[in-house]
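Dear colleague,

I am handing over the structure below, and my notes on it follow. Please read them alongside the coordinates.

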Amino acid sequence: MRWKTEDTPERKAFREGFREWLSTKVPKGWMEAIDSSDDEAFKKASESFNFMSWARVIGSSGYAAPLWPKEFGGLSGEVWTQQIVREELARYRLPLFGLNLLGVGLVGPTLIEHGSEEQKSRYLAKILTGEEIWCQLFSEPGSGSDLASLATRAVRDGDEWVINGQKVWTSIAQFSKFGMLLARTDPELEKHEGLTYFVLDMSSPGVEIRPLVQLTGSAEFNEVYLTDVRVPDENRVGPVGDGWRAARTTLMNERVTLSGISLDAASITGGARKDPFESMIAGISDRQDGLVRQRVAQLFAEQEAKEITAFRASMARLAGQQPGPEGGVNKVFNAELNQRRSNFLMDAAGLSSIAWDPNDRTGQARAHTFLRARANTIEGGTSEVLKNQMAERILGLPRDVDPGQGLAWKDTKRN
Ligand SMILES: Cc1cc2nc3c(=O)[nH]c(=O)nc-3n(C[C@H](O)[C@H](O)[C@H](O)COP(=O)(O)OP(=O)(O)OC[C@H]3O[C@@H](n4cnc5c(N)ncnc54)[C@H](O)[C@@H]3O)c2cc1C
């Protein structure tokens, strides 16, 4: 990318070291095929690649989370190490997270900042290797955007907590070993103050997972009912009543995670994929049409703007800043860009975007991506709510009115 600076000698050495490591882990000919744009050779090389075990391979190498401390499976690296790893993985069409996107992107940073030493030792390494998948038990039927109003109760009973309530939209709960659970421990306090953060073992008695089928036909998320679920106090993350602080770390990292990926499910969960823009152009038959060319150029410019903004945000983190409300800027832009891109792909495909041969996997994938993209502006905080936050926290505009402000949670009006 033209706007990127040249690698310093230190960064160049790191990049070369990582490439060398990659070359010992992917099938012979894989990287050469990509370097020489030989699609046939790449297809052949990728036949013998096991995506299921890839999470284990990269997860135990340190490269999956270069910023995490070495003792917990990372490299104790600086921000540029992560940048380089992501660039190289994208270049060589390799997935980073496997199914454990939420574990690596959200849980890890939260436990590193708020967890006890025992919790870090117990959970972090297995998040990276994908041995233990995690989900996020935050949203409830009456509490999504206004998350702090949530009603799931945790009541202390000796060394345990008893949890009752309902969560919803819980992605990948059906595959998860653990969930990050936000629950109300004191209804007498103002809504943000009476919350506590727990690690929930999803196999505990009283946890019931019911799949919810989406527009795409897949059941990616679930309802999770919690009935007298017992959670040991050692699973509490941070002090009682301080759950909102840990939840904010999770949410800020969620925005960064969702703004840093292509929001294309296949690129998250595995599968050798070209750069989404490259695949997009390759799939358009009518490339001579002036209007088509204009829209491609517009999307290309937007994609570049997104990359530059993400690069600047990671440079800010290089200067020691934690992800802040500006993470929302990229999340909103990335989500909306993804929708514009999938809308364009449907337009460019003409009639084959609504009817395709059952064996046409491209037609199927295009329709799936288009439908799935509707969720991008909702998941991880809606665009409307994130724009409110930008207005308040970045632009300094007056705060949105909160009728419950200053009241005990039990006295507030809720859905
Ligand atoms: C695909 C997908 C996966 C998800 N995965 C998870 C998960 O794993 N774990 C989890 O906990 N949650 C998950 N969610 C839930 C997600 O975080 C919520 O859907 C989101 O925060 C919005 O909450 P809500 O659905 O309750 O909508 P509501 O909060 O009821 O919002 C409804 C509408 O009102 C608007 N609105 C609300 N408040 C304001 C305001 N103050 N100003 C302006 N407009 C406002 C919203 O923008 C939206 O358009 C997922 C959602 C999706 C779509």
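Leaving aside its neighbours within four places in sequence, with which residues is Thr216 in contact? They are His368, Leu371 and Arg372, where contact means heavy atoms within 4.5 Å.

Before going further, please note that this is a predicted model, in which local features need pLDDT of at least 70 and side-chain atom pairs count only at pLDDT 80 or more, while totals for chains, interfaces and linings use all residues. Residues are numbered from 1 along each chain as its sequence is written, and side-chain values use heavy atoms, with hydrogens and water left out.

To stay with Thr216 for a moment, its place is in the loop between strand E6 (207-212) and strand E7 (221-232); helices (H or I, at least four residues) and strands (E, at least two) are DSSP runs, numbered from the N terminus. Thr216 counts as buried because its relative accessibility is 19%, given that buried means under 20% relative accessible area, exposed over 50% and partly exposed in between (1.4 Å probe, protein chains only). The side chain of Thr216 also makes a polar contact of 3.2 Å with the side chain of Ser218. A polar contact is a pair of N or O atoms within 3.5 Å; within protein, one must be able to donate a hydrogen and the other to accept it, and residues adjacent in sequence count only if both atoms are side-chain atoms. Although Thr216 and Arg374 are 158 residues apart along the chain, their C-alpha atoms are separated by 9.9 Å.

One nitrogen atom of the ligand lies 2.8 Å from a polar backbone atom of Gln136, and an oxygen atom of the ligand lies 2.8 Å from an N or O atom in the side chain of Glu384. Taken alone the ligand exposes 970 Å², of which the protein buries 69%; the areas come from the Shrake-Rupley method with a 1.4 Å probe, and for residues only the protein chains shown count as cover.

Gln136 itself sits in strand E1 (residues 134-137) and counts as buried, because its relative accessibility is 14%. A polar contact of 3.5 Å joins its side chain to that of Glu254. Not counting residues up to four places away in sequence, Gln136 touches several others, among them Leu102, Met180 and Thr250. Thr250, in helix H8 (residues 243-260), is buried, with a relative accessible area of 0%.

Finally, two backbone angles deserve a look. Most residues other than glycine have a negative phi. Ser37, in the loop between helix H2 (30-35) and helix H3 (39-47), has a positive phi near 50° and counts as exposed at 61% relative accessibility. For Ser76, phi is likewise positive and near 50°; Ser76 lies in the loop between helix H4 (51-59) and helix H5 (79-91) and counts as partly exposed at 46%.
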